[in-house]
Amino acid sequence: MHAYTVFKDVAIILVMAKIFGLLARKCKAPQVVGEIIAGLVIGPCLLGWVAQTEFISCMAEIGVVILMFGAGLETNMKKLIKTGPKALAIACAGVFVPLAGGTLLYMIFYGAASIGSAEFLKAVFMGTIMTATSVSITVQALKEMGYLTGTVGTTILSAAIIDDIIGIIVLTFVIGMKSENTEPIAVILSTIAFFCFAIVGGIIMHYVFKKFDNKHPHTRRIPILGLAFCLALSYIAEKYFGIADITGAYVAGIILCSIRDSDYIAEKMDINSYMIFGPLFFASIGLKTNISGVNMAILGFSVCFVIVALITKIIGCGLVSRLCRFKMSDSAKIGVGMMTRGEVALIVAQKGLSAGMMDPVYFTSVILLIIVSSIATPIFLKLLYSKFPEKA
């Protein structure tokens, strides 16, 4: 294949991803869903205009790293610390109840497996996909109703941030267990070692960036160095600790999230992601998805996957909210607000596919979950708030 062929592939992906993204937004679905569908349409499954190549895979990997770096940069540490134990308890339930539910669902469909076996890890991985929370739809719904800064809205936002952090740690551990020669204790130790390294190195880099930011505020060199730091930590995480590169990228974002120009860095990352890397990543998921393998069994599993993913978030987060002395109506709002899934679920699924822990046909389940949760969450929230309005 000639080198210039990639220009044609990228041009097709960018145009089609934008068209389908706009169509998805008009249908009140997340734009990323449209970009994934664009990959399905132009890929081998339908039109066959673009094939998954090593170049597109590499560009998509950069895209997912930048997405996770941006997610880390947007973390509000002050709000995270302020909400404290309640948000942490809700987030833990929001991770472990869906994790258990997804694992059990997979084993009900495909048979129980001994702990530590390859099949057991596949089952756990399906549960891991369910752990991710994407509150962008929830935020928009709460903002429209004027409840975003209320007690419930703040709790949902903080719990979602902690939820993703715990989810990434779970993903790191599950993928680390993939190797047949890897002992659980070795995975735990390498994970702990990475986070110790990240804390010590993060404190140092935070002050270095803070000093540099004060000396050269709002200059282009800040986001350039920030991106370099993100890529370096992603490399170190994967190369020396056996940790997923997206974990390194997410941690890099958290390290820089409280410097003065963190919003400026996030803005520049968003431009890169929006223009090229984001569409390439999401379209590449469509390119890799094998819908030809979808049959009634897979369709049945996908429907159950969506139901279990939604219910386990509501039960886990809702019950713990009630234990934290929230009213029953507010507990229901928190549970519903936490059930949306989006980019992080796709990122987790993509990492599992790369690690050989998931068949491409199961992307159907993940995409269906994102569409259903994105449509259902605003509807249920509006119903709850109309019946039980939150007092100012």
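Helix 2 buries Gln 31, Val 32, Val 33, Gly 34, Glu 35, Ile 36, Ala 38, Gly 39, Leu 40, Val 41 and Ile 42. The structure is a predicted model. Its secondary structure consists of 15 helices and 0 strands. With a radius of gyration of 20 Å, close to the 21 Å that the globule rule gives for 392 residues, the protein is as compact as a globular protein of that length.

**Helix 2**

**Helix 7**

- Helix 7 runs over residues 151–176, and its 26 residues should span 38 Å at 1.5 Å a residue.
- The end C-alpha atoms of helix 7 are 38 Å apart, in agreement with that expectation.
- Helix 7 is mostly covered, with 21 of its 26 residues buried.

**Loop residues with positive phi**

- His 218 is not a glycine, yet it has a positive phi of about 55 degrees.
- His 218 sits in the loop that lies between helix 8 (184–215) and helix 9 (221–241).
- Arg 325, likewise not a glycine, has a positive phi of about 70 degrees.
- The loop between helix 12 (296–323) and helix 13 (328–337) holds Arg 325.
- Arg 325 has a relative accessible area of 81%; the cut-off for an exposed residue is over 50%, and Arg 325 is therefore exposed.

**Overall dimensions and packing**

- Taken along the principal axes, the box filled by the C-alpha atoms is roughly 65 × 60 × 50 Å.
- Of the 392 residues, 54% count as buried.
- Among contacts between residues at least 6 apart in sequence, 80% join residues at least 24 apart.

**Surface and charge**

- The protein exposes about 17900 Å², and carbon and sulfur atoms supply 69% of that area.

Terms used:
Residues are numbered from 1 along each chain as its sequence is written. This is a predicted model: local features need pLDDT of at least 70, side-chain atom pairs count only at pLDDT 80 or more; totals for chains, interfaces and linings use all residues. Side-chain values use heavy atoms; hydrogens and water are left out. Helices (H or I, at least four residues) and strands (E, at least two) are DSSP runs, numbered from the N terminus. The radius of gyration is taken over C-alpha atoms; the globule rule is 2.2 Å times the number of residues to the power 0.38. Buried means under 20% relative accessible area, exposed over 50%, partly exposed in between (1.4 Å probe, protein chains only). Contact means heavy atoms within 4.5 Å. Accessible areas come from the Shrake-Rupley method with a 1.4 Å probe; for residues, only the protein chains shown count as cover. The expected span of a helix is 1.5 Å times one less than its number of residues.
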